[in-house]
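The sequence and structure come next.

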Amino acid sequence: MKECVTLEWGGRPLVLETGRMAKQADGAILAQYGETVVLVTVVASKKPREGADFFPLSVDYMEKTYAAGKIPGGFFKREGRPGTREILSARFIDRTLRPLFPEGFLNEVQVIATVLSADEENDPDILAISAASAALEVSNIPFAGPIAGVKVGRVNGEFVINPSPELSLESELDIVVAGSQNAIVMVEGSAQNVSEKVLLDAIMFGHESIQGVIKIQKDLKSRVGKEKMIFTQAIIDSEIETKVRQKATEPMRSALSISEKLNRYDKLREIRESVIEEVVAEHEDGGGQIRAVIEKIESELIRGQILTEGKRIGGRSPSDIRKIDCEVSVLPRTHGSSLFTRGETQAMVAVTLGTAGDEQRIDSLAGESRKAFMLHYNFPPFSVGEARFLRGTSRREIGHGFLAEKAIAQILPSAEDFPYTIRIVSEVLESNGSSSMASVCGSTLSLMDAGVPIKAPVAGIAMGLIQDGDNIIILSDILGDEDHLGDMDFKVAGTREGITAIQMDIKIDGLTSEILSKALEQAREGRLHILDKMAQTIKDPREDLSPRAPRIEIVKVRPDKVSVIIGPGGKNIKNIIATAGVKVDVDDDGNVMIASPDKASIDKAIAMVKGLVEEAEVGKFYLGKVQKIMDFGAFVEIIPGTDGLVHISQLDNDRVQNVRDVLSEGDEVLVKVLEIDPQGKIRLSRKAALNEDINKYKK
């Protein structure tokens, strides 16, 4: 039976409907906001996945081109593998929902969000977060919701929820906030160097704005919600737990004091295998329980040492940052490069500068667009001491690269000041916590090494949280173990003046504004420390670009002259490229971008462009070519595409009986412009140029 709930939200109605579509799914919600419509379905397997030691949740977000009244490009004319935007949207939903499933629930759960209609005003991915929660709420799948998501902007000092694309262009803030009634679950976004206070206020504003969406989900659940499935959480045999604790606790405590990650992991693996072998000899079916107890002990030891002693793995205090090493110009052939190392996390970053022809073309529901800045993040298996097949780019790599890209995009020069396409590639060579933030730091170093005039250096840091009741410890520059066993992963990137990007995932309820404020302040202190270390290696962008980078000069012409530069079938522009040895890009606004590492080649191309668009001037001499002979005179091309008439009376000082007695088609002739009439017709004179030295006008 169809049921609907409606909320006036951000000036537009939000409608959540169930019972009409996809009725065989465990839960299905058709969500509409404006004319954007998303269908989200959730299905869980009937039994737990055998042998699973993690929660098998999969989230897919799909944008159908018919949603925007378009037909897919390509040969097959149907949607293919998910694009970057779809992957990032799926990650938003996954990171929001995952912490809210009960511990020990190991049934496979699949969430599919399908965009059915897109009005280009309201973001379907934001709508999908709330719709996914509502689908889980009305289903039989156990879920500690509801939650909702919202996009927050700030225009003219005022916070705005779900700003339109046009309003977003004016916003100094673009963050997504997801949360429950009492807690914030996920935050991600970018900002234009805003203060910690502004960001905190924006997060709390977003949390307050989703309360109505949470309320209507509860209302819908009370009407049609299914009874939740009963699952039995594995109970650990007390005898097994006692034996494991006796055998493993002290050896693990000693192992966790080892600073080097791989050595620590090797020792922990030895302990784990030894304890399993000993205990399984007495309890044959207890392997899974033994592993669970060992993981529990590891968590208790790491967290307990931090909470009671303020001491972390390797002996650091909560606010200590690992040793930082920075290098630049590490690769001889790149336009800019760096090696950034923080503890056991290391990123090698390379910058490549290109022209407008190197921009990425993006075809989305909103239409085709171009992207002049890209940051690609690669995470090879050797970075964590593993051997596995190299597949395509993972969702994690796309997500981490996108976060770093947002952090850096805020400090890049404008296209008018620096008309280059910029590609940054971060190769993670070692990883033990926060490789995405290492990529941000390495990107800043590489950009300055390449001579890109960035507005200010940016650094990134990952913060963590350990909480036990009222005992709260905030951690700076977290390790991988502290991320895995902690209660928060909070990445903050910014300049000395403010924040440029943020990503936060919360694993606990009740994160207060006071805790967030303290975490942001501690992150700011850490960020300044890292920026100081980076400045010791390179403080400002180099004065000159790399000699291997293309030099780009822009010649501005009238838009109606663009076709002249291109020429019939591209004849003119091809001639410039071939003759001058440059790369040329022309846009509809009349910007002619000429690129080459060689200045002489650029100057030659500029002269050719100016020659093509040059306009005749009265009183000026031109060396032209005779195009056509008539009885009454000759037509002479004085500028490519521009000709004028030399009347027979203006051919010579003496009377001329026949034009062909003086000129032939194809002759070079020096002429003077006598007049340009209102219709643009040009009157020329050869007679007035007879006393001029023709060699002065030869190019």
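How do the residues of the lining of the largest cavity divide into nonpolar, polar and charged? They divide into six nonpolar, four polar and three charged. In this scheme Ala, Val, Leu, Ile, Met, Phe, Trp, Tyr, Cys and Pro are nonpolar, Asp, Glu, Lys and Arg are charged, and the others, Gly among them, are polar.

## Basis

The model is predicted: local features need pLDDT of at least 70 and side-chain atom pairs pLDDT 80 or more, while totals for chains, interfaces and linings use all residues. Residues are numbered from 1 along each chain as its sequence is written, and side-chain values use heavy atoms, without hydrogens and water.

## Cavities

Searching the whole structure gives two cavities of 30 Å³ or more. A cavity is a set of points, on a 1 Å grid over the protein atoms alone, where a 1.4 Å probe fits but cannot get out; lining residues have an atom within 4 Å of a point. Points are joined across faces, edges and corners, and the volume is the space filled by probe spheres set on them.

The largest cavity has a volume of about 100 Å³. Its lining has 13 residues, with Tyr33, Asp123, Ile126, Leu127 and Asn162 nearest the centre. Helix H2 (124-138) and strand S7 (148-155) are the elements that give two or more residues to this lining, and H2 gives the most, with three. Helices (H or I, at least four residues) and strands (E, at least two) are DSSP runs numbered from the N terminus.

The second largest cavity has a volume of about 30 Å³. Leu88, Arg91, Phe92, Arg95, Glu188, Gly399 and Gln503 line this cavity; helix H1 (residues 84-97) supplies the largest share, four residues. The classes here are two nonpolar, two polar and three charged.

## Helix H6

H6 (residues 238-255) has 18 residues and spans 25 Å from first to last C-alpha, close to the expected 26 Å, which is 1.5 Å times one less than the number of residues. H6 bends by about 40° at Ala248, and Pro251 follows within four residues. The bend is the angle between axes fitted to the seven residues ending at a position and the seven starting there.

Buried residues of H6 include Ile240, Val244, Ala248 and Met252. Buried means under 20% relative accessible area, exposed over 50%, and partly exposed in between (1.4 Å probe, protein chains only).

## Cysteines

Taking a disulfide as two cysteine sulfur atoms within 2.5 Å, the count is zero. The sulfur of Cys441 lies 7.5 Å from the closest cysteine sulfur, in Cys326, which is too far for a bond. Cys441 is buried at 0% relative accessible area, whereas Cys4, at 29%, is partly exposed.

How values were computed
1 Å grid on protein atoms, 1.4 Å probe; cavity = no way out; pocket = protein on both sides within 12 Å on 5 of 7 lines; lining within 4 Å.
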